[in-house]
Each structure stands twice: as C-alpha cells, then as structure tokens.
Amino acid sequence: MSPERSVTGSQEYAESIINTVREPLIILDQDLKVISASRSFYTFFRVEPEATVGQLIYDLGDKQWAIPRLRELLETILPEKTTFDNYEVEHVFAGIGRRTMLLNARQIQRLQGKERIILLAIEDISERKKVEAALARISLELQERNAELERFLYTASHDLKSPVVTVRTFLTYLEEDTAAGKTERFEKDLAFIRAAADKMAHLLDDLMAFSRIGRVVIPPVRVTLQNMADEALAAVAGRIAERGVRTQVGDTKVTLRGDRIRLAEIWQNLVENACKYMGGQAEPRIEIGVEPRGGEQVFFVRDNGIGIEPRFRRKIFGLFEKLDAKSEGTGIGLAVVHRIVGLYGGLIWVESAGPGQGSCFCFTLPGAADKEQAEGEKI
Amino acid sequence: MNKEPMVVLLVEDDDGHAEIVRRNFEDCPVPSKLMRVADGQAALDYLYRRNDYSDPAKAPRPGIILLDLRMPRVNGLEVLKTIKTDAGLCVIPVVVLTTSEAEMDIAKAYESHANSYLVKPVNFAKFTELLKTFGYYWLEWNQRPVELK
C-alpha cells in the first residue's frame with residue numbers, strides 16, 4: 001500500500017467515525033477555521049457544508065457562533081490546558097432557538113507538520129435541562145405536600161385526642177360517683193362528655209371534607225364571578241338577612257375555569273367568615289370583587305367588621321385555628337379556602353388596618369384563569 | 001408556720017380539661033389557689049395585669065404556670081417565650097401540659113426554656129396520678145426563689 005493511499009484510508013476512517021457519532025462534532029484548524037464537520041452537525045444546526053468548511057467558527061451561519069463564552073474557551077482555556085470537558089453554554093441560535101449545550105474539546109498536535117487541530121463536540125442538553133427543571137419542581141411540590149400532610153396529621157391527632165381525654169376522664173368520674181351514690185355532679189359531667197363528643201364529631205366531619213379537597217378531580221367548567229358571588233350569598237342568605245348585611249358585587253363578567261363546587265367554596269367561606277366577624281357594626285357591608293394588581297387578577301372579599309391584628313394574619317389560615325374560642329365552628333373555613341387557592345396555584349392574604357377597621361381577604365387563582373377569555377380580550 | 005397556698009395559673013382553652021385539673025387540685029393534700037385563663041392572650045393580660053386583669057386582687061402573681069400549647073389567638077409557645085424573655089416573669093416555673101407528644105413541640109418548648117413538659121394522659125388513672133405527682137413535686141418539694149414565696 002502506498003503512503004498516499006494509507007493517508008486517504010485513514011482520513012476516510014476518521015470521517016466515518018465522525019459521521020457515525022450522534023453528537024454534532026466539528027474540527028477546527030489552529031486559526032479556528034472549520035476543517036470539517038460531522039453530518040449530525042449540519043443536520044442539527046441546519047447549515048450546509050459549502051457554507052461551513054473554511055470559515056472561521058465565529059462567522060458560521062450569520063455569525064451566530066460568535067458566542068463570548070465559546071471564544072473564551074477556544075482562545076484562553078484550550079491553549080493552556082489542551083482540553084476542556086462539559087462546559088455549559090446557553091445561546092439563542094437563529095434556526096433552532098435557545099439551546100443549552102455541553103461542550104467538550106481536545107487540541108491535537110498533528111504528527112506531520114507543526115499545526116494543531118481542535119476537535120469540538122457539542123451535546124444539546126436543552127431537553128435534559130427542561131426535564132431536570134421539571135423534576136426539581138415536582139420534587140419541591142412533593143416536599144411541600146409532605147410537609148402539609150405532616151402538619152395535617154399533627155393537628156388532626158392533637159385536636160382529636162383532646163376530646164378523648166375529656167370523655168374518658170368524665171366517664172370515670174361518673175362511674176366513681178355512681179358507685180359512691182353521689183349524684184350532684186352527674187349533669188355537669190354528662191354535659192362535658194356530650195360537648196366533647198360533639199366536638200369530636202365536628203372535627204371528624206371537617207377533617208373528612210378537608211382531606212377530600214384536591215383528591216376528587218371534576219372536569220373544569222367556566223364560571224363567572226357573578227355565579228360565585230350568587231352561590232356564596234345564597235349559601236349564607238340566612239346570616240346576611242339576620243345581620244342586615246348590605247352586599248355589593250363588582251366586575252361580574254370576569255370568568256374562571258375550574259371545579260365549580262370547589263371554587264364556590266372559596267367565596268362561601270369568605271362571605272360566611274365576614275358575616276361571623278361583623279362585630280357590633282351598625283351598617284355591615286360585604287363587597288365581592290376583582291381588580292388588576294401588578295399584572296395579576298386579584299379577587300377580594302371586603303367587609304367592615306371587627307378587622308384583624310397584624311400578628312394573626314397568617315395564623316388564621318391554619319387548620320382548626322380560631323382566634324375566638326367561643327365562636328362557632330371548628331376553625332376549618334379559612335384552612336379550606338387556603339387549600340383550594342393553593343390547588344389553583346394562587347396565594348391568599350388578608351389586609352386589615354387593625355381591630356375595628358374591617359378586613360379584606362385577597363387571593364389569586366392563576367390555575368383557574370380562563371385563557372380563552374384572556375385571548376378574546378386581546379383581539 | 002402559716003404558709004399561703006401557692007397560686008397556680010392554669011392556661012387552658014378546653015373547659016373539660018380545666019375542670020379535670022381543678023378537681024384534682026381540690027383533692028390534692030397540698031393546698032393551692034388555682035386561677036384559670038382560657039387562652040394565651042388572656043394569660044399575658046393576667047401576667048401583665050392588663051384589660052380584664054388590671055385589678056391585682058383578681059390577678060395574684062402565680063408561683064407556677066401550667067400551660068397548654070395549642071390555643072386560640074396567642075398559642076402556648078408564644079406565651080412561654082414572652083414569659084421567659086421578661087426579666088420580671090422569667091423566674092416563674094412554667095410547666096407545659098398538653099395533649100401533644102410531637103417531638104417538635106417538646107423541642108421548641110425546651111428551647112423556649114420550659115421548666116417541664118407533661119403530656120395529658122388519655123387514661124383517667126394516669127391523669128390523676130400525674131396531677132397528684134405534680135402537686136407534690138412543684139407545690140411541696142420544689143424550692144422557689146424568694147420573690148415567688
């Protein structure tokens with residue numbers, strides 16, 4: 001075999017390796033001009049061999065390779081270290097958009113002659129990055145769910161244990177008093193037992209309802225703010241009439257998409273809450289509405305009731321948290337609202353100037369945004 | 001020696017549980033004067049003699065505080081922190097009495113300088129035994145600093 005044929009043979013050999021590799025591969029001379037590129041390079045970056053070979057790498061495809069980070073790698077790092085591995089570069093390419101690439105390079109001294117060549121392999125990790133980000137998001141969500149479940153279990157076990165202590169203790173008092181023929185404490189003890197049993201029944205009902213939120217998936221439907229307000233006001237109509245509350249609903253045409261029953265529960269609980277904590281207000285008012293704030297739709301239920309101190313503004317959303325031990329209910333209403341708002345990726349908070357100044361419960365529901373309506377508005 | 005019975009401040013939102021503690025203290029051979037408030041906010045009002053408790057005769061200074069953790073408005077841990085960071089109140093022993101066995105609650109209570117942590121037993125005999133032992137230990141045997149005598 002002649003030396004010429006052997007050279008041609010090894011070139012073919014090298015090229016067939018290059019063209020077999022799935023990752024885009026490019027070979028540069030020491031002046032960073034393209035000697036050749038793999039088939040996958042041309043396909044991936046949508047460029048033609050004629051417009052590539054002989055060009056300075058930075059000039060390829062309308063200078064879309066003039067990436068400062070790549071320049072640094074090729075001109076500073078490579079001459080020093082003769083190799084670099086797994087350098088991540090993010091860049092927007094004309095034909096294929098934003099890509100995250102992993103770059104590996106080797107600088108090789110050719111046997112014959114003094115010139116050096118550079119092998120540059122490019123791995124597109126954009127998809128992997130997306131999957132990693134999605135995984136991280138899911139993992140965070142799971143952690144949050146877990147924490148929520150732990151808090152739920154803690155609260156449930158503590159609050160359910162309390163009435164058990166009462167029932168068992170007073171039953172023993174009853175047994176002892178019966179044996180001793182003493183009857184004067186009977187009624188009182190029975191009342192404690194009944195109250196504890198009732199409390200336990202309420203807690204269990206509320207716990208069951210709370211645990212169902214988010215477990216049952218109902219196909220989303222379109223509802224208007226008017227629908228939600230109507231349902232809420234109808235559900236607490238008795239209370240509203242009894243207390244003489246004046247109600248007002250604004251911007252009723254705003255629509256939402258979601259589980260109608262769950263969404264309605266938000267307004268129902270908030271309106272009920274507003275009625276419950278109206279205090280001695282002579283002209284009780286409740287306003288239901290929505291307003292744009294910082295590019296977001298913020299829904300609100302505003303009242304002119306007893307208001308809330310700043311230090312309780314977070315606490316009130318906790319499961320079975322009550323500010324007034326004497327008020328009716330187990331303290332689940334706002335926890336339910338918090339949970340539903342959370343299911344729709346939203347936030348809920350309360351604004352109040354302080355005691356006696358009324359409260360305004362504000363919330364967002366990005367997951368229930370009605371996209372068709374939003375698009376319709378643009379046109 | 002004519003010793004005044006020690007004032008025990010019970011901070012407990014549950015009426016049933018408060019009644020159980022009251023009956024046990026009545027039956028205890030060591031005399032005590034039990035004062036009860038129904039939540040954390042009331043406990044702080046009592047200790048600082050504010051609002052309903054501005055009359056010192058209605059709010060005698062306690063020699064010991066029995067404190068529930070999970071309560072409306074201000075919870076037990078917040079009360080505990082306030083007491084233990086107040087130069088005038090921090091000498092008062094605070095014994096947590098709660099249904100919670102959660103490690104987190106126990107750890108937080110001691111971090112906030114609780115003097116003891118007791119879990120309310122679900123069993124009647126044990127609850128009675130616990131309160132009796134509490135009476136002997138804290139009201140009889142335990143030595144208090146002079147300002148609490």
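Colleague: What stands opposite Ile27(A) in β5(A)?

Modeller: Leu119(A) does. Keep in mind that this is a predicted model, where local features need pLDDT of at least 70, side-chain atom pairs count only at pLDDT 80 or more, and totals for chains, interfaces and linings use all residues. Residues are numbered from 1 along each chain as its sequence is written, and chains are lettered from A and ligands numbered from 1 in the order in which they are written.

Colleague: And over how many bridges do β1 and β5 of chain A pair?

Modeller: Five, in the antiparallel sense, between residues 25-29 and 116-124 of chain A. Strands here are DSSP E runs of at least two residues, helices H or I runs of at least four, both numbered from the N terminus, and pairing takes at least two DSSP bridges.

Colleague: What order does the sheet have?

Modeller: β2-β1-β5-β4-β3 in chain A, an open sheet of five strands with antiparallel pairing. Its edge strands are β2 (34-37) and β3 (83-93) of chain A, each pairing on one side only.

Colleague: Switching to helices: at what angle do α7 and α9 of chain A cross?

Modeller: Roughly 50°, with the axes of α7 (225-235) and α9 (260-276) of chain A coming within 8 Å. Axes are lines fitted to C-alpha atoms, for helices over the stretch in contact, with angles from 0 to 180 degrees between N-to-C directions.

Colleague: Which residues make the contact?

Modeller: Among them are Met228(A) and Leu233(A) from α7(A), and Trp267(A) and Val271(A) from α9(A). Contact means C-beta atoms, placed from the backbone, within 7 Å.

Definitions and conventions
Contact = placed C-beta atoms within 7 Å.
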